[in-house]
Amino acid sequence: MNDHGEAFSKLIVDASHCSFDSNGVSLSNVIEVALERAVICPLRDRLMRVARARVKENEQLLSRNMKLLRGKDQGYWGVKPPHRSPSDWSMAVLELYQLRNAEIPSEQLTVILDTARAIYDTYNTDKSVGDRRQDVFLSADDFLPIFIYVIVRSEMEDLETTAELMWSLCDPEKLTGEGGYYLTVFGSALHFVRDTKVGNAAPDPSYRPRSMLVSGVEGLASPGHRASHGSSWQEKRDAYNLRLLDDM
């Protein structure tokens, strides 16, 4: 514990010398990252072990389907012709790759948000004419199939485990707005890929994304949903911590 305390003290000292600007960097964010590094990093292997045990079956199904479906094109996943990118969403795939280097929940959540932004940036760049950049909005129904395609293309491992850790360990305040929205989308995408019946036919469009995404995401920004989601997050975190103590 002394080692962890010393590490945390050093991080706080380093943080106190950081400069802050208008790009979303705040002292509270720096302190949160410092806390996560001091507390979570030393326990990362144990946390990963517990999380993997909890999602073992889902992880195996997801890994199997991603390997079998990695060659499917955008149309297979329900990306409409006007929304298909000639780049195959390569920038978003590169952003998602950063999960491999993200060691703490706040960094992992940032990767998910950056991946979502890369999808929007790519879409608007594709729709731009000459030097005129457009800012076009993608609905949840149009965004989810693209996100699914990006995930499958990434061929990333331990995605179910990563999602489990984020839901269990992220600051609940970050899960009440944009962070919670896109983490929910991320979880819905994993769910869809995991449960897709592998065959020659494309996935049933009636199963995507209205039935599993909109009901759980559209109300996320409402105050009522925030309160309920915060309570759910607390219950999930408590259960996770009890399981962690048993396994450690």
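Let me start with the buried residues of helix α4, which are Glu59, Leu62, Asn65, Met66 and Leu69, where buried means under 20% relative accessible area, exposed means over 50%, and partly exposed lies in between, using a 1.4 Å probe and protein chains only. Seen down the axis of α4, these residues fall within an arc of 140 degrees, so they line one face of the helix, the arc being that of the directions from the helix axis to the C-beta atoms. On the other side of α4, Lys56, Glu57 and Lys67 are exposed.

Please keep in mind that this is a predicted model, in which local features need pLDDT of at least 70 and side-chain atom pairs count only at pLDDT 80 or more, while totals for chains, interfaces and linings use all residues. Residues are numbered from 1 along each chain as its sequence is written, and side-chain values use heavy atoms, with hydrogens and water left out.

The helices I name are DSSP runs (H or I, at least four residues), numbered from the N terminus. What do the buried residues of α4 pack against? They pack against α7 (140-154), α8 and α9 (178-195), with contact meaning heavy atoms within 4.5 Å.

That brings us to the largest nonpolar core, which has 46 residues; such a core is a set of buried Ala, Val, Leu, Ile, Met, Phe, Trp, Tyr and Cys residues joined through side-chain atoms within 4.5 Å. Helices α4, α5 (90-97), α6 (105-127), α7, α8 and α9 each supply at least two of its residues. Apart from this core lies another, of five residues, among them Ile40 and Leu47.
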